[in-house]
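Please read them alongside the structure.

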Amino acid sequence: MSEHSPFDDDSEVAVTSESLRDDLLDAYPKKTRRKREKQVVVNHKQADESGLVSLPVIGANTRTIPGVITQRGCSYAGCKGVILGPTRDIVNITHGPIGCGFYSWLTRRNQTLAPTDEHDNFMPYCFSTDMQDENIIFGGEKKLAKAIEEAYELFKPKAIAVFSTCPVGLIGDDVHQVAAEMKEKLGINVFGFSCEGYKGVSQSAGHHIANNQIFKHVVGEDDTKRGKWSINLLGEYNIGGDAFLIEDLLQRCGIDLVATFSGNSTYDQFANSHMAQLNCVMCHRSINYVADMMEKKYGPPWIKVNFIGAKATAKSLRKIAEYFDDQELTEKVEAVISEEYPAVFEAQKTYKPRCEGKRAMLFVGGSRAHHYQELFAELGMKTIAAGYEFAHRDDYEGRDVLPDIKVDADSRNIEELHVDADPDHYRGDDRAKAIERERAGYKFKEYDGLMADMPEKALVIDDINHHESEELIRRMKPDLFCAGIKEKYAVQKMGVPCKQLHSYDYGGPYAGFQGAINFYKEIDRMVNAKVWSMIQPPWSDQADQNAPSSSSVRRGG
Ligand code: CFM
């Protein structure tokens with residue numbers, strides 16, 4: 001842990017994080033300031049006499065203030081787009097006006113690869129009931145039933161899922177009733193999600209709703225297969241092809257990947273997933289619910305992994321091997337790591353000197369603002385400010401704070417499934433193995449969160465808004481800002497490159513070892529491009545409105 005503020009070593013930007021924080025907050029009216037104060041935090045870690053480090057408390061998973069320009073999305077986006085979107089052979093029908101279906105149609109760049117053309121792949125399609133005024137007035141259930149039937153006739157899928165948009169809840173259409181009737185009538189699995197956009201305070205609520213329903217309606221449907229060294233990968237969504245690289249690594253190690261939730265996944269994999277021996281959670285925010293429910297009902301324990309960053313990838317593979325505690329697997333994993341690492345070292349030799357010391361800010365989602373710090377560290381770059389859009393306190397401060405998190409009315413709105421051990425399918429052997437490994441010092445369910453890994457005095461900001469990011473960029477002039485498409489061009493107009501860490505722009509994959517090398521190259525290209533110094537930032541005193549000037553206030557421009 002560094003004693004110094006990440007800002008201290010930069011004389012040009014002689015602001016402390018405390019004063020910068022004050023400046024961000026000063027623009028607000030009193031009531032707004034009081035709320036934002038809790039969510040804009042200086043990462044001051046305090047150690048007690050025994051050396052135990054405590055982190056500051058951050059406000060998270062609370063309502064966005066109306067009127068600020070938030071980065072957040074809605075509950076429907078979290079359910080339909082994020083969790084179920086990457087599954088290739090479920091027909092996902094959006095019950096609602098056409099815009100909701102259209103804007104959640106592959107914009108996330110989640111990829112899939114069916115083994116042959118004979119296999120279903122519905123991802124290139126956009127299914128919607130295209131609600132009109134008359135459906136809002138007289139109800140949309142009949143239209144929904146018809147849409148389900150039509151989709152069945154055309155595609156004969158194994159399953160159809162129905163996603164509720166805001167008007168569905170407002171007018172009271174019962175998607176679950178329609179789904180149950182159609183399930184009966186068509187003889188395939190049909191299930192619905194009450195994931196209206198307004199449920200909860202962000203897309204995070206939609207994750208939870210999706211987890212509940214997929215667990216209730218699909219997981220556990222098929223117990224026929226059980227592999228050796230078998231795992232599920234939870235919270236990996238195959239953005240830009242990440243899952244393909246991870247699948248390849250696991251396969252070469254001899255690890256049997258039963259299901260991924262939900263990158264490059266199929267219905268059958270979900271149905272069989274409870275047979276895996278270990279759950280590996282990548283994005284803790286979006287899918288920890290499935291990990292916990294599966295453990296309670298079926299027995300397999302879970303661990304946190306991260307395949308973003310070469311070091312993190314090697315660590316995660318080793319952690320999986322360590323669970324199975326089998327010489328043959330350990331050797332295979334070590335062999336794969338040693339095959340992959342020379343190219344990583346080679347790339348680091350080229351790109352690290354070019355990127356070292358550059359400063360990044362990351363404001364993304366609910367896990368990447370943490371995971372991607374690994375890759376920046378491998379390039380010798382510093383993350384001087386970071387935060388999530390919609391994560392909860394445990395994603396910032398670590399799972400130890402779970403018992404302290406207050407459940408407010410918005411979270412109480414989201415169903416908490418009560419899960420018990422399944423008398424016929426609970427696997428005592430997995431449980432016994434987990435207990436034995438735990439006794440040997442192996443740690444399950446462990447996630448320390450983003451703040452523990454961030455430098456002392458870095459700014460950590462939850463649900464950052466446009467005013468705050470603009471002010472941060474203006475004051476700190478980072479070399480790179482990581483966010484999404486909504487922020488990208490506002491940031492770049494300020495003369496700072498913006499890497500989209502949601503869709504990866506047009507790049508990727510960035511997972512695993514090969515992905516790390518791709519990322520190094522991409523970041524080098526962005527932070528060292530001369531073009532950024534030619535943009536006159538609007539705040540520059542010398543700004544010449546008509547022509548690019550050679551003088552720039554950007555550091556290293
Ligand atoms: Fe998990 Fe995701 Fe993320 Fe997320 Fe997302 Fe995403 Fe994300 Mo965009 S599930 S929390 S809701 S890692 S779509 S693949 S990039 S905000 S940081």
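1. Threonine 87 sits in the loop that runs between α3 (75-84) and β4 (90-95), and in this predicted model its relative accessibility is 1%, so that it counts as buried. Beyond its neighbours within four places in sequence, threonine 87 is in contact with Met123, Ser262, Ser265, Thr266, Tyr267 and Phe270.

2. Serine 262 belongs to strand β9, which covers residues 256-262. A cis peptide bond also joins glycine 508 and proline 509, where omega is about -5°; proline 509 is placed in the loop between β16 (498-500) and α22 (512-527).

3. Aspartate 130 has a phi of about 50° and is found in the loop between β5 (127-128) and α5 (133-138), where its relative accessibility of 30% makes it partly exposed. Asparagine 238, with a phi of about 55°, lies in the loop between β8 (230-236) and α10 (242-253), but asparagine 238 is buried, with a relative accessible area of 0%.

4. How many disulfides does the model contain? The count comes to zero, and the distances for two of the cysteines show why: the sulfur of cysteine 100 is 6.7 Å from the closest cysteine sulfur, that of cysteine 166, which is too far for a bond, while the sulfur of cysteine 166 has its closest cysteine sulfur in cysteine 74, at 6.3 Å, again too far for a bond. Cysteine 100 is partly exposed at 29% relative accessibility, and cysteine 166 is partly exposed as well, at 30%.

5. Leucine 472 is part of helix α20 (residues 466-476) and is buried, its relative accessible area being 0%. Apart from neighbours within four places in sequence, the contacts of leucine 472 are Leu20, Leu24, Met361, Phe363, Ala385, Leu459, Ile461, Ile464 and Lys477. The C-alpha atom of leucine 472 is separated by 29 Å from that of arginine 109, and these two residues are 363 residues apart along the chain.

6. Around the ligand there are 14 residues, of which Arg108, His207, Cys283, Ser367 and His502 come nearest. By class, this shell consists of six nonpolar, six polar and two charged residues.

7. The second largest pocket holds about 1100 Å³ of space and is lined by 40 residues, with Asn61, His392, Ile405, Lys406 and Ser411 lying nearest its centre. At least two lining residues are supplied by each of α2 (30-39), α9 (203-217), α12 (284-298), α16 (393-397) and α17 (409-412), and the largest share, six residues, comes from α12. The lining of this pocket divides into 13 nonpolar, twelve polar and 15 charged residues.

8. Which residues line the largest cavity? A search of the whole structure finds one cavity of 30 Å³ or more, and about 40 Å³ of space lies in the largest cavity. Its lining is made up of Lys35, Arg36, Gln39, Arg63, Thr64, Ile65, Val68, Asp463 and Asn465, which divide by class into two nonpolar, three polar and four charged residues.

Definitions and conventions: Residues numbered from 1 in each chain as written. Predicted model: local features only at pLDDT ≥ 70, side-chain atom pairs only at ≥ 80, totals over all residues. Heavy atoms only, no water. Near = heavy atom within 4 Å. Nonpolar A, V, L, I, M, F, W, Y, C, P; charged D, E, K, R; others polar. 1 Å grid on protein atoms, 1.4 Å probe; cavity = no way out; pocket = protein on both sides within 12 Å on 5 of 7 lines; lining within 4 Å. Points joined across faces, edges and corners; volume = space filled by probe spheres on them. Helix = DSSP H or I, 4+ residues; strand = E, 2+ residues; numbered from the N terminus. Buried < 20%, exposed > 50% of the residue type's maximum accessible area, 1.4 Å probe, protein only. Contact = heavy atoms within 4.5 Å. Disulfide = S-S within 2.5 Å.
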